[in-house]
Amino acid sequence: MTNLEACQVASPALPPSDSSPLSSSKSGVDSGGSLFVPTSEPQFEPDESTWPDLDLDGGYEEDEPEDELAQWAQEQSGGSEDEDVDDEGWNFEPEWEPPVAEQDEHDDMDAIEDLADDDEAFREDQCLPYPDLRAGQQITNCRAANMEYGAHLANAEENLYHPFASKMDWEVARWAKLRGVSSTALSDLLAIEGVSEHLSLSFKNANELNAIFKREQIIVAGEAFDVYYCDVIECVKSLYGDPDFANYLAFAPERHYSDEDETICLFHDMHTGKWCPGGTIIPIIISSDKTQVTLFRNKSVYPVYLTIGNIPKEIRRKPSRGAHILLAYLPCTRLEHITNKASRRRTLANLYHACLSRVLAPLKSIGLEGLRMASGDGVLRHCHLLFASFIGDYPEQLLAAGIKFGECPKCDMDVDETDALATLGEGSLSFVRACSETGIKSIVHPFWEDLPFANIFRAITPDVLHQLYQGLIKHLLGWLSAACGAAELDARCRRLPPNHHIHLFSKGITSLSRLSGTEHAQICRFLLGIVIGIRLPNNLNAGRLLRAVWGLLDFLYLAQYPCHSSETLQLLDDALDLFHDNKDIFIELGVRSNFNLPKLHATRHYSAMIMMLGTTDNYNTEYTERLHIDFAKDAYRATNHKDEFVQMTRWLERKEKIMRHDKYVNWRHAGVEETEPYHSRPPDMSFRRLQTMTKHPSAKAVSIDKLVKEYGATYFREALARYITQLSHANDPIPLRSQTLDVLARDIHFPFRTLSVFHKIKWLSVDARGHGDATATLDSVHARPQRSSDSGLRPRRSDMALVNIGGNPDVVNGGIEGVRVGQVRVVFSLPSKMLPLLFPPTVEVPNHLAYIEWFTPFPSAPDRHHGLYKLSRALHGGKKIASIVPLANIVRSIHLIPNFGAIVP
């Protein structure tokens, strides 16, 4: 069994942020996993982006000339572009002792607010608004959304819960509609004698409750197909006018810079990209994806979702915030009566476009003319609703763009190939043949044909989930398994040490099937580390294999940055080039014969799309995949599985009305509150978080002998004596020498026999952007003894951590300067009554301390083949070097991957 005594690869385990896991050895931001240690902080380069020329109507009565609009639309629719691993060790200072610093501790919630305030004060980003003041201009004020909602309720002033008779009526109705209770179960409950009367309900069964709601169903009826959809304009108004989003909406394009000279342009939210044509634009984001709602009957639904780019991406990506709306259910027919497969595929494609054309038809006139819309705070603006982005996996992208499989929906097409469209008037057979010869689908009228300023080939966005995690990473796992051996990879996975951010695959990873995107993300956190030093067939040099894996993983994490600049986009391209420069190793190993993979080709468009539409977390399919649970699977389960779409739309409509009324009731209870205006700014890249401990210890009275034997704190007595001596003389004008410190430490006697011990350190998130996000655990470090559980005996756990040793004021973001890796054996606190016997009265003693066993310092540079640092145990005279440090000096967890060698023993 490989142990950590021979560990040579270290990487800090940063917690994954709300924005996505980040990691790059070049960028200074780590992934939250076990990939690599950052080597430097990014230096941004100037970006010479300019504003588009078009100014749409931003709140004035006169319309723009149509010839200018047509000219801009025509511009927008145009074409788019070896050596083995060195195992040598490093020297260290055996007499090294970490400095002692006084630490202040705060209440958790107060500290969270302080960190958020500090982050706001620290940020110096510059924001340049759109030069035309008509963009986002206010026309007038009307009633706010909640006031407008209440005005349509009769007796709303007297009855807070109207149209429900009482608070009990409202609470029972909300429970019934939001908690998944079937209508039959609710009717059976209310049928119990005395229940309805005792609760004083105005309804006796589910039918009477449902009568409160009114429904209007819109169906596009074909000969054999039905499409269930909502008015797209009303959907946009619902999101735009939601009072919960009123303080966060972006009404005009902006340019954000990280310097006062406005030379370093930043890209993050959609309104900071180059897509926005000016004016008060409502960018429409559409997503479609067929999903299965049953396990055995192969029953599927085809939902289409809608959101708007004015809502910040941090809100849009959270399903609980309700920033997505179910726009339509498309037909799921297989057209089995059409026997010819080619004809069936053509009919399905045209059916898809015909349905979406009907759903999005209102955007044809509204996009150009615009309409007055009120945001949730009652401010009226003249808005233009434009189709901006299409989110989908590769098959959906091909279907929307009308491209054949294997082609790229974003690359330029030869001019001659567009002649196929000219044959449409010559008859259907000629049109089909011409389209087949040129490699495009024979779609008669695509849904984006008449949408103003729409360019479907630019609207198609990168897909991190399916293109990277479920695509390239899935391929990479197969290549490594074939090249290195499945048994060897699985053996290394089973021997990985635990960490907060590492999922341990006890049975290995090569035998797993139907892996999800989350599981692929977990594997990526240690994938590079487990192939270091592995033996390849025919004794091929592993250097190129490591660099290929390194480049692909670098690209994966850089692509998920929540904020980009020209420098980080260059790093993104460099990482991709690193993979392409070394990918031939897989051909030499006989794993691949070529790399003609559409998902690999798609990576070349990431940089351009980030500058166009903002970072990839604006349009990740992972968010819309999660919507299937709320809008498809749960809705289907609420039906009797017969004529399900009528029941699903009715169920969703009632749920939506309950949720809207719930917002109104909460607003009435809270009263009118004045809120500060929200100012959009780049996402926080500092990973600010709050270290916190439990109020009570995990073990109240643990003897020092038990700490030595069961917790593994071998030199606890010596380390604590040295810490007490060092802290007592911290204010001395001349620091104590190591020999003097050892002599004075021998005279320290402990006036206690037991200590209070804590088994976990946690770091909580900070709502730095002011979106009202709840705190969450981002990171943790465990230090506990062996214990028994229901599944058997659990071994002792002593996690690794990055510890601040001084000299780095911004230790969280400053790379590896001023930090060192240590293994946390014990977290404890000294008895408060005994402190006067140990320290002078002028010394402030931290509330929590930690016993650390050190690793060697970081070398000057990482390994050139894989970008990881090599570490080993810090020893002095064959004994481990250990110290006591204040708990506040522990920065975060870190994952160490053992040096497995050529073959796992």
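Q: In this predicted model, buried means under 20% relative accessible area; what is the relative accessible area of Glu853?
A: Buried residues fall under 20% relative accessible area. Glu853 counts as buried. Its relative accessible area is 1%.

Q: Which residue forms a salt bridge with Glu853, with the closest N and O atoms 3.7 Å apart?
A: Glu853 lies in strand E24 (residues 849–854). Its partner sits in the loop between E24 and strand E25 (875–876), so the pair ties together parts that are 20 residues apart in sequence. The partner is Arg873.

Q: Which residues do salt bridges that share partners join into one network with Glu853 and Arg873?
A: Glu853 and Arg873 form a salt bridge. Shared partners extend the network to two further residues.

Q: How far apart are N and O in the salt bridge of Arg717 and Asp705?
A: Arg717 is in helix H26 (residues 716–728), and Asp705 is in helix H25 (residues 704–709). The pair links distant parts of the chain, 12 residues apart. Arg717 is partly exposed at 37%, and Asp705 is partly exposed at 42%. The N to O distance is 2.3 Å.

Q: Is Arg637 buried or exposed?
A: Arg637 forms a salt bridge with Asp634. The two are three residues apart in helix H23 (residues 621–637), about one helical turn. Asp634 is partly exposed at 26%. Arg637 has a relative accessible area of 55%, and over 50% counts as exposed. Arg637 is exposed.

Q: Where is Gly392 found, and which residues is Gly392 in contact with, leaving aside neighbours within four places in sequence?
A: Gly392 is in the loop between strand E13 (379–391) and helix H12 (394–401). Gly392 is buried, with a relative accessible area of 5%. Its C-alpha atom is separated by 9.0 Å from that of Tyr619, 227 residues apart along the chain. The contacts are Ser288, Gln397, Asp463 and Thr621.

Q: Which strands stand at the edges of the open sheet of four strands?
A: The order is E14-E17-E18-E21, with antiparallel pairing. An edge strand has a single partner strand, so one side is left without a neighbour in the sheet. The edge strands are E14 (689–692) and E21 (797–798).

Q: Which residue in E18 does Lys762 stand opposite?
A: Strands E17 (residues 760–765) and E18 (residues 777–784) pair in the antiparallel sense. Five bridges join them. Opposite Lys762 stands Ser780.

Methods: Residues are numbered from 1 along each chain as its sequence is written. This is a predicted model: local features need pLDDT of at least 70, side-chain atom pairs count only at pLDDT 80 or more; totals for chains, interfaces and linings use all residues. Side-chain values use heavy atoms; hydrogens and water are left out. Two strands pair if DSSP finds at least two bridges between them. Buried means under 20% relative accessible area, exposed over 50%, partly exposed in between (1.4 Å probe, protein chains only). Contact means heavy atoms within 4.5 Å. A salt bridge is a side-chain nitrogen of Lys or Arg within 4 Å of a carboxyl oxygen of Asp or Glu.
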